[in-house]
Amino acid sequence: IPLYYFGNQYGKNTPWHYPLVMFAFTVPLSILFFFLWGFISPLCSTLRYKMEQNRVIILENGGVRLLLSLLFLTPLAIVLLPLAQAYDGCRLFLPCFPFAACLAGFGYHAVWTILKRSLRDVPSHSILLFILILPSSVFYVQHHPFYLSYYNQLAGGIRGSKELGMETTYWCDALTKDFLTVINETIPEGNTLQPLSMPVEPIQYDQERGWLRSDLRPTGDLTADYFLLQCRQGMFRRQAEWILYKQLKPIASIEIDRVPLFLLYKNPQ
């Protein structure tokens, strides 16, 4: 599946650093901080171990953290290989995220231990929970209900990610019922609607459930009366999609933080 990454389209030969950057850009920054602490600290310390019945027994939690680190790295290592072809988003290395969460828990505990020693009379758990939860909660409210368009502060949020040349939406999650109502009220009867940068099945799904007018049939080409463009730049396979996206003014749109996710155009021809 093609992707859009730092302003370039890739149909194959995904850049090896793509999963690392996507992980860094899509994990909330406070959680990423605790993860890095939990991931790096055991690598920088000497493991304590003892021999028991000819077996190495690792003391404290160092062995657990090394195991979690290996489990985190394995899915990433697979998609870092040259054999990995183009793919979009984080879905091919989703198995690494539960182990990243566990490592973030160790990092949280390590930071809390330091704070507890330094700030004896201050509720250190409250401070850490505030740091952990508040930024994510703010971004959650800002992005609702377009969660697949989330980028953290390292990427500059959704607006910064667009300027960096990252894909701004995925898999039609931004096509809400409210926008379908706008389409129903905007396009006159007897006109055709062609979806671009997306398959036709989501349109058929919405029509079967009565959310989108059934007379708005796709034509399969660029002769339709209206175009519905999903702003998933990796799927822009024709010059016409880039012209619509960059040069023409839509008659309706879905945006978040002034970044378009879906655009409705009347055919300019």
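**Exercise 1.** In this predicted model, find which residue of E6 is the bridge partner of Pro-195, then describe how E5 and E6 are joined.

*Solution.* Step 1: look across from Pro-195 to E6; the bridge partner there is Leu-228. Step 2: place the strand; E6 covers residues 226-230. Step 3: read the joining of the two strands; E5 and E6 run parallel and are joined by 4 bridges. In general, the strands of a sheet pair through backbone hydrogen bonds, in either a parallel or an antiparallel way.

**Exercise 2.** State the strand order of the open sheet that contains E5 and E6, and name its edge strands.

*Solution.* Step 1: write down the order, which is E5-E6-E8-E7, for an open sheet of 4 strands with mixed pairing. Step 2: pick out the strands that pair on one side only; these edge strands are E5 (193-196) and E7 (252-256).

**Exercise 3.** Determine how many disulfides the whole structure has, and whether Cys-102 and Cys-231 are buried, partly exposed or exposed.

*Solution.* Step 1: search the whole structure; the count of disulfides is 0. Step 2: check Cys-102, whose nearest cysteine sulfur belongs to Cys-96 and is 12 Å away. A disulfide needs two cysteine sulfur atoms within 2.5 Å, and Cys-102 is in none. Step 3: check Cys-231, which is also in no disulfide; its nearest cysteine sulfur, that of Cys-172, is 12 Å away. Step 4: turn to accessibility. Cys-102 has a relative accessible area of 37% and is partly exposed, whereas Cys-231 is buried, at 0%.

How values were computed: Residues numbered from 1 in each chain as written. Predicted model: local features only at pLDDT ≥ 70, side-chain atom pairs only at ≥ 80, totals over all residues. Heavy atoms only, no water. Buried < 20%, exposed > 50% of the residue type's maximum accessible area, 1.4 Å probe, protein only. Pairing = 2+ DSSP bridges.
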